[in-house]
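This report goes through selected features of one protein model, from single residues to strands and cavities. The model comes first, and the notes on it follow.

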Amino acid sequence: VLERHGASVRVLPAERVVAVFGVPRVHEDDVLRAARAALELPAGARTGIASGDVVVSDDDPRGPALSAAARLAARAEPSRPLLDDLSQEVLGSAARLDGAVLLGLDPGAEPVVRRHGAPLVGRSRESALVQHALERAAEEGRAHLLTVLGAPGVGKTRLASETIAGLPPGWRVARGRCAAYGEAAGLRPLADVAAEAAGAERGDPPQTAFGRIEQALSGERRSEALAARLAGLLGLREPGPPEETGWALRRLLEITAAEAPLAVVLDDLHWAEPTVLDAVEHVAEHATRPLVLLCLARPELLVERPGFGGGLPNASSVRLEALPPPEAARLARSLLGGELDERVEAELLRAAGGNPLFVEELLAMLRDAGRLEQADGRWMLAGSGQPLAAPPTIQALLAARVDALGAEERRVLQRASVAGQTFTLDTLHALNGETPEGAAERALLQLRRLDIVRPAAGDEAFAFRHALIRDAAYDGLPLERRAALHERLARWLDENAAEAERDALVGHQLDRAAAALAAIGGDADALRAEASTRLAAAGRARAARDDLVVAEGLLARALALVPADAPERLSLLVDLAEAQREVGEPEALAQTMSELRLALDRTPDVSTAVRARLVEAVIELHRDPAASGDVRQIAADAIATLTPLEDHAGLARAWMLASMAEGLRGRLGAERTAIEQAVEHARLAGDARRSWDYRVRITTAHMWGSTPASLLEQYGRELLDEARSLGERTAEAAAETCIGVGVALQGRGDEGEQLVLRALAGIREVGLRMRAGAVLELLSQVELLRGDLAAAERALREAYGILESTGEKGYLVGVAPALGSVLCSLGRHEEAEPLTRLSEEHSSPDDIVAHVLWRTVRGRVLAHRGEHAAAVALAREAAELAARTDCLNVHGGVLLDLAEVLGLAGQPEEAAAAADQARALFERKGNQVDAARARLAAAQAREPTRGARTS
Ligand SMILES: Nc1ncnc2c1ncn2[C@@H]1O[C@H](COP(=O)(O)OP(=O)(O)OP(=O)(O)O)[C@@H](O)[C@H]1O
Ligand SMILES: [Mg+2]
């Protein structure tokens with residue numbers, strides 16, 4: 001019994017028997033086979049069925065699945081087979097269970113139970129083709145052979161059943177299905193077709209069906225010979241010669257089709273025996289009545305029978321492709337009953353690649369595992385960002401498909417899987433080593449025919465049809481082979497990959513090699529160390545290029561490969577922390593920082609320790625500015641320590657921290673000088689990227705400081721040319737912002753707005769959230785110059801949201817009062833007040849600009865409430881603090897606010913004087929827009945009848 005169902009069997013002492021299904025070859029229905037066999041075992045057998053990995057060497061199977069099965073068998077009652085959880089899951093609704101006891105199986109069960117969970121999506125073109133073939137056959141009274149070819153699960157059976165359900169009245173249907181083994185193998189599908197064509201019900205015993213057939217044949221010429229052949233087909237007597245089977249079947253079908261047009265559906269024809277295929281071709285070639293043979297098969301059919309139906313004038317075929325992404329997404333929405341979050345959708349499409357069965361199974365798996373959550377009416381993926389893996393059902397199906405390939409195809413597929421989802425012919429050759437000329441190309445061609453691999457964008461590039469088939473091929477590679485292949489590919493990439501990507505690619509392959517080696521208990525330390533070095537180099541290069549999102553990922557991987565006590569850990573932590581801060585990942589950052597502090601205490605390396613402190617200071621300044629230490633002092637100490645060491649890389653960072661300290665104090669001239677020092681030290685350290693990056697940041701000091709508008713425009717344009725020639729999107733964005741602010745100050749607000757919006761789009765494109773916040777703040781300035789308060793509010797609210805969500809406070813204490821100021825101008829003073837409190841509480845004592853801003857806004861709020869004395873006092877304090885800075889626009893703005901507060905307090909002369917002072921500052925900045933506003937404010941203060949101040 002066991003062997004008939006395809007098991008390899010071993011008899012052990014004490015009447016114990018071990019049956020392994022799926023060895024030496026995996027089948028998609030191995031669990032189903034085991035279950036069927038268990039039900040057919042002699043009465044009294046105690047059986048346990050478990051699924052999982054089995055190791056077979058020297059004919060001696062071992063592994064956790066076997067011990068699990070043995071334990072189940074020991075517990076089982078006679079003739080009541082017990083199933084483990086995984087087997088139950090795989091069998092799904094095909095099995096009738098009492099707890100874990102297998103009672104019976106659905107006779108028509110497919111290896112992967114089809115859920116038919118959603119109404120048909122798409123397929124209108126393919127349906128029309130089938131429809132058309134049916135109509136023509138009926139009209140012309142001829143036979144037609146239509147073959148639908150497509151990968152497993154793509155929807156062949158579904159397409160056919162939908163078409164059959166929609167047949168016009170008067171049509172008859174006869175169905176047969178081929179199977180890989182067992183009863184339904186052999187001629188059974190044809191017997192089923194014959195029985196149903198003659199009017200028998202499905203499930204009728206052969207005798208009854210034969211009775212129907214005899215009835216149908218009555219009155220025919222040679223009816224006895226026909227009946228004899230058909231009885232052979234039904235297994236009621238010895239089958240006749242194969243050619244005569246085709247003849248008898250054709251005659252029977254013709255006889256039925258003479259009464260009404262007939263649709264014959266033959267499913268899973270890739271499993272058909274040659275006799276079945278011969279008979280089908282015979283019917284197609286010779287039948288002279290309205291009948292359509294609708295044959296459904298996986299592309300493997302054409303491996304067995306490349307010319308199936310090919311020579312016939314009345315044969316055609318349709319390829320059923322995967323659903324295009326929008327339709328696959330529609331299917332998923334329909335299955336879940338709701339919208340999908342972008343990440344779920346992308347991940348689903350990556351894994352399933354438009355295969356409806358995989359979409360169904362993946363969603364069912366996620367739902368059963370509780371990994372789908374609905375929020376705001378959208379389905380989200382809970383838990384880690386792990387890529388989706390195939391459910392066990394699909395795993396078996398795909399593993400079987402890979403296993404059934406020819407040796408060369410399987411070899412090529414498995415090697416390609418080492419390269420990843422996409423691969424080139426070159427990488428394949430590198431992985432393949434010495435193989436006969438053209439072998440890989442031939443195998444690839446075959447894999448394309450089977451719709452397992454498809455051409456991808458790029459020169460001689462290919463991709464797996466979907467990620468799950470890649471995983472299946474990869475999983476079929478023994479770990480030792482995997483390790484060797486990954487390393488081989490790493491060495492090849494080191495010679496051949498483009499320089500910009502080399503470290504990342506090599507590092508990735510070495511990392512995989514190390515993982516595979518470690519999994520079989522090998523010594524992977526050397527590989528791991530090498531992988532880490534390469535990934536770290538790639539991460540640092542990316543960080544230098546401002547590609548921080550990618551950098552962060554690479555650095556985190558590099559770090560994970562380094563042992564806990566390795567000295568290089570500290571510098572990796574420093575770089576990772578910097579990247580995480582920029583990307584805006586507060587939780588990951590907090591973790592990195594706590595590890596960083598521990599590592600810092602242990603390191604004897606002064607330079608690294610100082611660098612770590614510098615990074616820590618920057619991070620603290622942003623995270624909790626009120627509690628951060630004296631950053632100017634920290635920077636000065638670092639400069640003093642590092643200068644004698646001539647550690648220019650460290651000095652560059654120290655000067656950047658110094659520049660931040662000056663910026664906080666509103667001394668933008670000094671900030672600029674400090675950045676220039678940083679630029680020079682980075683250059684001396686040979687870090688051209690960083691040097692350039694710092695130079696780009698000088699624009700910020702120019703914008704906020706005393707540099708006149710016309711020069712902003714000029715500097716910005718020079719920088720833009722340079723950035724474009726280097727192809728640097730972030731630098732371009734900085735330049736565009738600088739020009740935008742410059743032209744807006746000069747009264748060309750719309751032009752300025754366009755430029756800053758472009759910059760913002762650029763920053764978003766590269767995924768730098770913190771910097772997007774900074775650009776939004778400048779955008780609000782431009783909107784204010786344009787007089788669009790609503791747009792200014794929107795920009796600031798967005799900036800506020802970003803900073804808040806990243807746990808950032810260093811910028812937030814400036815953005816909050818800026819938003820408060822806009823709200824005051826909109827007459828919403830009460831909303832402004834809490835924002836000033838936030839800034840008051842959280843800003844660093846050194847952050848003069850924040851202190852200026854919250855005071856001036858609070859002054860306006862108090863004045864609005866009629867608390868004039870307090871208002872004037874605060875506004876004056878703000879103006880005095882602002883006078884210590886060289887932020888001309890901020891200073892001017894504060895004086896204008898003071899003028900407003902004084903005006904409301906009934907002090908027009910003082911108000912006019914403040915407005916005059918403001919005008920002078922704006923004029924120095926070349927800020928023509930605010931200078932005009934200040935002029936008007938002064939005039940109105942002196943002559944109040946001319947109307948209220950407009951903002
Ligand atoms: N266009 C579609 N819209 C909605 N669901 C679909 C569509 N196509 C297929 N399905 C569903 O996907 C699952 C797999 O389809 P089906 O069984 O027809 O695949 P198949 O191509 O016959 O696979 P196999 O080669 O394994 O027989 C079924 O549950 C089916 O209902
Ligand atoms: Mg099918």
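A helix here is a DSSP run of H or I of at least four residues, and helices are numbered from the N terminus. The model is predicted.

**Ser124 in helix H4**

By that definition, helix H4 covers residues 124-140, and Ser124 belongs to it. Is Ser124 buried or exposed? The relative accessible area of Ser124 is 60%. Exposed means over 50%, with buried set at under 20%. Ser124 is therefore exposed.

Ser124 can also be placed relative to Leu159. Along the sequence, 35 residues separate Ser124 and Leu159. In space, the C-alpha to C-alpha distance between Ser124 and Leu159 is 9.8 Å.

**Glu361 in helix H14**

Helix H14 contains Glu361. With a relative accessible area of 3%, Glu361 is buried, because this value falls under the 20% cut-off.

Which residues does Glu361 contact, once its neighbours within four places in sequence are left aside? They are Val112, Val113 and Arg115, together with Pro391, Thr393 and Ile394.

Strand E11 spans residues 262-267. Six of its six residues are buried, so E11 is largely enclosed by the rest of the structure.

E11 pairs with strand E10 (residues 172-177) in the parallel sense, over six bridges. In this pairing Val173 is opposite Ala263 of E11. E11 also pairs with strand E12 (residues 291-297), again in the parallel sense, here over five bridges. Val265 has Leu294 of E12 as its bridge partner. Between E11 and E12 the chain passes through helix H10 (residues 274-286), which makes a right-handed β-α-β crossover.

**A three-stranded sheet**

Three strands form an open sheet in the order E14-E16-E15, and their pairing is mixed. Strand E14 (339-340) and strand E15 (372-375) are at the edges. Each of these two has a single partner strand, so one side of E14 and one side of E15 have no neighbour in the sheet.

E15 and strand E16 (residues 378-381) run antiparallel and are joined by four bridges. Across this pairing, Gln374 is opposite Trp379 of E16.

**The largest cavity**

How many cavities of 30 Å³ or more does the whole structure hold? The search finds four. The largest cavity has a volume of about 390 Å³. Its lining is made of 25 residues. Those nearest the centre of the largest cavity are Gly153, Val154, Gly155, Arg158 and Pro356.

Helix H5 (156-165) and helix H14 (356-368) each give at least two residues to the lining of the largest cavity. By class, this lining has 11 nonpolar, four polar and 10 charged residues.

**The second largest cavity**

The second largest cavity holds about 50 Å³ of space. Its lining includes Ala151, Val154, Glu321, Ala322 and Ala352. Gly353, Asn355, Asp451, Arg465 and His466 also line the second largest cavity. Four residues of this lining are nonpolar, three are polar and three are charged.

Notes. Residues are numbered from 1 along each chain as its sequence is written. Chains are lettered from A and ligands numbered from 1 in the order in which they are written. This is a predicted model: local features need pLDDT of at least 70, side-chain atom pairs count only at pLDDT 80 or more; totals for chains, interfaces and linings use all residues. Side-chain values use heavy atoms; hydrogens and water are left out. On a 1 Å grid over the protein atoms alone, a cavity is a set of points where a 1.4 Å probe fits but cannot get out, and a pocket is an open set with protein on both sides within 12 Å along at least five of seven lines; lining residues have an atom within 4 Å of a point. Grid points are joined across faces, edges and corners, and a volume is the space filled by probe spheres set on the points. Ala, Val, Leu, Ile, Met, Phe, Trp, Tyr, Cys and Pro count as nonpolar, Asp, Glu, Lys and Arg as charged, and the others, Gly among them, as polar. Buried means under 20% relative accessible area, exposed over 50%, partly exposed in between (1.4 Å probe, protein chains only). Two strands pair if DSSP finds at least two bridges between them. A crossover is right-handed if, with the strands pointing away from the viewer, the path from the first strand over the helix to the second runs clockwise. Contact means heavy atoms within 4.5 Å.
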